[in-house]
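Here is a short tour of a protein chain for you to follow on screen. Take a look at the structure, then read on.

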Amino acid sequence: MWEISSETVVAAAHQLRLAPGEGERLHGHNWRIKATVRARELDSRGFVMDFNELGPILRATVEPYEH
């Protein structure tokens, strides 16, 4: 099994509406997101996946949650 991973950071805000106290106020967190792609075989280039493809896919996936 082969694998490739990429990480990014996203800053997102949320609130806990039914939890009285500090969590009830809108507040933010920084999240580190890691995506791992696995393959049983490598492609014709010897890659699981090109980093130049994985990075933008991961960023596009987390972008709606940024801020």
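## A walk along the chain

Starting at the N terminus, the elements of the chain come in the order β-β-α. That gives 2 strands and 1 helix in total. Please keep in mind that this is a predicted model.

How spread out is the chain? Its radius of gyration is 17 Å, well over the 11 Å that the globule rule gives for 67 residues, so the chain is more spread out than a compact globule. Along the principal axes, its C-alpha atoms fill a box of roughly 55 × 20 × 15 Å.

| Property of the chain | Value |
|---|---|
| Buried share of the 67 residues | 19% |
| Distance between the mean positions of the 8 positive and 10 negative charges | 4 Å |

Contacts tell us about the fold as well. Among contacts with a separation of 6 or more, 57% join residues 24 or more positions apart.

Now let us zoom in on one residue. Asp 50 sits in the loop between strand E2 (27-39) and helix H1 (51-62). Is Asp 50 buried or exposed? Its relative accessibility is 17%, and buried means under 20%, so Asp 50 counts as buried.

What does Asp 50 reach with its side chain? The side chain of Asp 50 comes to 2.8 Å from the backbone nitrogen of Asn 52. Leaving aside residues up to four places away in sequence, Asp 50 touches Ile 4 and Arg 45.

Note on methods: Residues are numbered from 1 along each chain as its sequence is written. This is a predicted model: local features need pLDDT of at least 70, side-chain atom pairs count only at pLDDT 80 or more; totals for chains, interfaces and linings use all residues. Side-chain values use heavy atoms; hydrogens and water are left out. Helices (H or I, at least four residues) and strands (E, at least two) are DSSP runs, numbered from the N terminus. The radius of gyration is taken over C-alpha atoms; the globule rule is 2.2 Å times the number of residues to the power 0.38. Buried means under 20% relative accessible area, exposed over 50%, partly exposed in between (1.4 Å probe, protein chains only). Contact means heavy atoms within 4.5 Å. Lys and Arg count as positive and Asp and Glu as negative; His and the chain ends are not counted. The place of a charge is taken as NZ of Lys, CZ of Arg, CG of Asp or CD of Glu. A polar contact is a pair of N or O atoms within 3.5 Å; within protein, one must be able to donate a hydrogen and the other to accept it, and residues adjacent in sequence count only if both atoms are side-chain atoms.
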